[in-house]
Amino acid sequence: MTEGPVILAIETSCDETAVAVLSKDSILAQSLYSQQEHASYGGVVPEIAARDHQARLPAMVEDVMQKSGYSLKDLTEVAYTHGPGLAGCLLVGHYYALGLASGLQIPLRGIHHLEGHIMSVLSLGSGTWSERFDALLPCVVLIVSGGHSQFVEVTRQKYTVVGETQDDAVGEVFDKVARLLGIPYPGGAALSKLARGGQVVYTLPKPMIDRSDGTMSFSGLKTASRLLWERLLKEHNGASDEVWQQLRADFAASFEHAIIDTLMHKIRAVMRLTSIRHFAVVGGVSANTTLRNSLNAWSEAEGIQAYYPPLVYCTDNAVMIGIASQVRYALGAHRDEPNIRLRLQLQAPIV
Ligand code: KG4
Ligand code: ZN
């Protein structure tokens, strides 16, 4: 048995039900269920998602507790995602965690979902979670997920948003462009796989790359991609399957090139404005191979230390919520403290 806090973490902000148990330096057990029910709707249906979380949480908690080697009465605190996310989904996680913490008479800690994503890079490495956090700092983090695209400067004292999208998030655009090709939601990873068989033959806009800061915009690229695809549909009406396969792959490669190159421009712009030499990318889109390859080449050339979460912790999971909670515990951050100074903060109180 390890010494120090043992924290049960629950993540239910969108369409992943996730539970994890963490000690002060290790992931003891974790479980994740990605809801499949939404694929045919082209996006997450909030009511279905919330009810599914409710149905699955009890058995998943029992399962991870058993795998962790601890019992409920050994827990030090219960952590959960308090936002941002789908209201019904967050409520399920919140009330489940609240019930458990009240029954066990232990503290309940609400974690900001984006703080969780930031902490996901700490899952690689060794030492206690707070030692890993200290080694990461100071760091500029790019969060690129289905709901958010923002640059956050992370120091021991605070999180500062230093640039963000004015409209769509990067993952959202991946999903919407994938949908044009008939790829079911969430289509980002499948679109990227398709792009590997194609060539960059179409020119798409790279929005805001002339701005020397972290301000981003992706809705224009999304519209230009749709118009291009509609033009290709018309121009190649009646073409063979073989021709269409190549067209789809070339379209995917051209889109991926445009959006990743735009991100690289923005990353370089933000890093030119700061003396910080640590850079991390987190969130679902950080799993993207083209982005990682471009980042590796850039960081090596610039002498910047680049951090990524392992692929399993790029998309939503409870381990990241558990790490955030462990770091806050170690830093002595109390429950009445403002959780994180990021925009889009949920108004719900931290219990
Ligand atoms: O972080 P996440 O699980 O959920 C949010 O908090 O939004 O991110 C999910 C997003 C989806 O839009 C998904 O298509 C995208 O991440 N994604 C990818 C890849 N893997 C996941 N986008 C591009 N390339 C990938 N390999
Ligand atoms: Zn997320």
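Biologist: How many helices and strands are there in the protein?

Modeller: This predicted model has 10 helices and 10 strands.

Biologist: What makes the protein as compact as a globular protein of that length?

Modeller: The globule rule gives 20 Å for 351 residues, and the radius of gyration of the protein is 21 Å, close to that value, so the protein counts as that compact. Along the principal axes, the C-alpha trace spans about 65 × 45 × 35 Å.

Biologist: Why is the pair of His113 and ligand 1 called a polar contact?

Modeller: The cut-off for a pair of N or O atoms is 3.5 Å. A polar side-chain atom of His113 lies 3.2 Å from an oxygen atom of ligand 1, and 3.2 Å is within 3.5 Å, so the pair qualifies.

Biologist: What makes Gly147 and Asn288 qualify?

Modeller: For Gly147 a backbone N or O atom lies 3.2 Å from an oxygen atom of ligand 1. For Asn288 a polar side-chain atom lies 3.0 Å from a nitrogen atom of ligand 1. Both distances are within 3.5 Å, so both pairs are polar contacts.

Biologist: How much of ligand 1 does the protein bury?

Modeller: Ligand 1 taken alone exposes 560 Å², and the protein buries 88% of that.

Biologist: Which pocket does ligand 1 take up?

Modeller: Ligand 1 takes up the space of the largest pocket.

Biologist: Which elements give two or more residues to the shell around ligand 1?

Modeller: They are α3 (113-119), α5 (170-180) and α6 (188-195). The largest share, three residues, comes from α5.

Biologist: Which residues come nearest to ligand 1?

Modeller: Of the 19 residues around ligand 1, these are Gly146, Asp175, Gly284, Asn288 and Asp316. By type, the shell divides into six nonpolar, 11 polar and two charged residues.

Biologist: How do you know that the peptide bond joining Leu137 and Pro138 is cis?

Modeller: Its omega is about -10°. Pro138 is found in the loop between α4 (129-136) and β6 (139-144). A cis peptide bond also joins Tyr185 and Pro186, with omega about -10°, and Pro186 lies in the loop between α5 and α6. Most peptide bonds are trans.

Biologist: What is the phi of Gln105?

Modeller: Gln105 has a positive phi of about 55° although it is not a glycine. Most residues other than glycine have a negative phi. Gln105 lies in the loop between α2 (87-104) and β5 (108-112).

Key. Residues are numbered from 1 along each chain as its sequence is written. Chains are lettered from A and ligands numbered from 1 in the order in which they are written. This is a predicted model: local features need pLDDT of at least 70, side-chain atom pairs count only at pLDDT 80 or more; totals for chains, interfaces and linings use all residues. Side-chain values use heavy atoms; hydrogens and water are left out. A residue is near a molecule or strand if one of its heavy atoms lies within 4 Å of it. A polar contact is a pair of N or O atoms within 3.5 Å; within protein, one must be able to donate a hydrogen and the other to accept it, and residues adjacent in sequence count only if both atoms are side-chain atoms. Accessible areas come from the Shrake-Rupley method with a 1.4 Å probe; for residues, only the protein chains shown count as cover. On a 1 Å grid over the protein atoms alone, a cavity is a set of points where a 1.4 Å probe fits but cannot get out, and a pocket is an open set with protein on both sides within 12 Å along at least five of seven lines; lining residues have an atom within 4 Å of a point. A molecule sits in a cavity or pocket if more than half of its atoms lie within 2 Å of its grid points. Helices (H or I, at least four residues) and strands (E, at least two) are DSSP runs, numbered from the N terminus. Ala, Val, Leu, Ile, Met, Phe, Trp, Tyr, Cys and Pro count as nonpolar, Asp, Glu, Lys and Arg as charged, and the others, Gly among them, as polar. The radius of gyration is taken over C-alpha atoms; the globule rule is 2.2 Å times the number of residues to the power 0.38.
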